[in-house]
Amino acid sequence: MHTGRRRISGLLTRCATLRCPACGRAGIFLTLFRVQHHCPVCRALFQREDGFFVGAIMVNVVTTEVAGLVFYFACLLIFGYSDRLIVVTILPLSLIFPVAFYHHSWSLWLSFDYLVEGLPQATERDR
């Protein structure tokens, strides 16, 4: 049980620092908005078949919606109901948050996939 907690804790640390979920020694991103094909250290495959990225998009959309709702209800509690306030605050949040959270949504998706079924190893044929 204790090793399971340690494994999850290490995985969450690697996820938060945008490192490979399998080894934690290499970054997930090649450039600002381009995910590496695989980990250069342990060869864990980050990009599998077409459509694999949909999970990362789903994580990003759901997290953006939750953040928007939390922010909306916080504004309601603090400032009361105001159409102008809602539009002025929620609209920029809904446009900026998904871009700012893009890296972590990929990291969460890869970490979840690694936890559930492990990441396959990249081969020369995968390139």
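This note goes through the fold, the helices, the core, the salt bridges and some backbone details of the structure above.

1. **Basis.** This is a predicted model, in which local features need pLDDT of at least 70, side-chain atom pairs count only at pLDDT 80 or more, and totals for chains, interfaces and linings use all residues. Numbering starts from 1 along each chain as its sequence is written, and side-chain values use heavy atoms, with hydrogens and water left out.

2. **Fold.** The protein chain has four helices and two strands. Their order from the N terminus is α-β-β-α-α-α. Both kinds of element are DSSP runs, numbered from the N terminus: helices are H or I with at least four residues, strands are E with at least two.

3. **Overall dimensions.** The protein chain has a radius of gyration of 18 Å, whereas a compact globule of 127 residues would have one near 14 Å. That radius is taken over C-alpha atoms, and the globule rule is 2.2 Å times the number of residues to the power 0.38. The C-alpha trace spans about 55 × 35 × 20 Å along its principal axes.

4. Of the 127 residues, 31% count as buried. Buried means under 20% relative accessible area, exposed over 50%, and partly exposed in between (1.4 Å probe, protein chains only). Among contacts with a separation of 6 or more, 60% join residues 24 or more positions apart. A contact means heavy atoms within 4.5 Å.

5. **Helix H3.** H3 covers residues 83-100, 18 residues in total. From first C-alpha to last it reaches 25 Å, close to the 26 Å expected at 1.5 Å a residue. The expected span is 1.5 Å times one less than the number of residues. H3 bends by about 25° at Ser94, and Pro98 follows within four residues. The bend is the angle between axes fitted to the seven residues ending at a residue and the seven starting there.

6. **Helix H4.** H4 has 16 residues and reaches 23 Å, close to the expected 22 Å. Its buried residues include Trp106, Trp109, Leu110, Asp113 and Tyr114. His103, Ser105, Ser107 and Ser111 are buried in H4 too. Gly118 follows H4 and has a positive phi, near 80°.

7. **Nonpolar core.** Which residues of the largest nonpolar core touch the most other members? They are Cys39, Ala44, Phe46, Trp106 and Leu110, out of 19 residues. Helix H2 (54-79) and helix H4 (102-117) are the elements that give two or more residues to this core. H4 supplies the largest share, four residues. A nonpolar core is a set of buried Ala, Val, Leu, Ile, Met, Phe, Trp, Tyr and Cys residues joined through side-chain atoms within 4.5 Å.

8. **Trp106.** Leaving out residues up to four places away in sequence, Trp106 touches Phe29, Val35, Phe46, Phe52, Phe53 and Ala56.

9. **Salt bridges.** The whole structure holds two salt bridges. The criterion is a side-chain nitrogen of Lys or Arg within 4 Å of a carboxyl oxygen of Asp or Glu. Arg48 pairs with Asp113, with the closest N and O atoms 2.4 Å apart. Arg48 lies in the loop between strand S2 (34-35) and H2 and Asp113 lies in helix H4, so the pair ties together parts 65 residues apart in sequence. Arg48 is partly exposed at 24% relative accessible area, while Asp113 is buried at 7%.

10. Glu117 is exposed, with a relative accessible area of 52%. Arg48, Asp113 and Glu117 form one network through shared partners.

11. **Positive phi.** Most residues other than glycine have a negative phi. Leu18 is not a glycine, yet its phi is positive, about 60°. Leu18 sits in the loop between helix H1 (2-16) and strand S1 (29-31), and is partly exposed at 21% relative accessibility. Arg43, also not a glycine, has a positive phi of about 65°. Arg43 is in the loop between S2 and H2, and is partly exposed at 28%.

12. **Leu76.** Leu76 lies in helix H2 and is partly exposed at 26% relative accessibility. Its C-alpha is 8.7 Å from that of Ile86, 10 residues apart along the chain.
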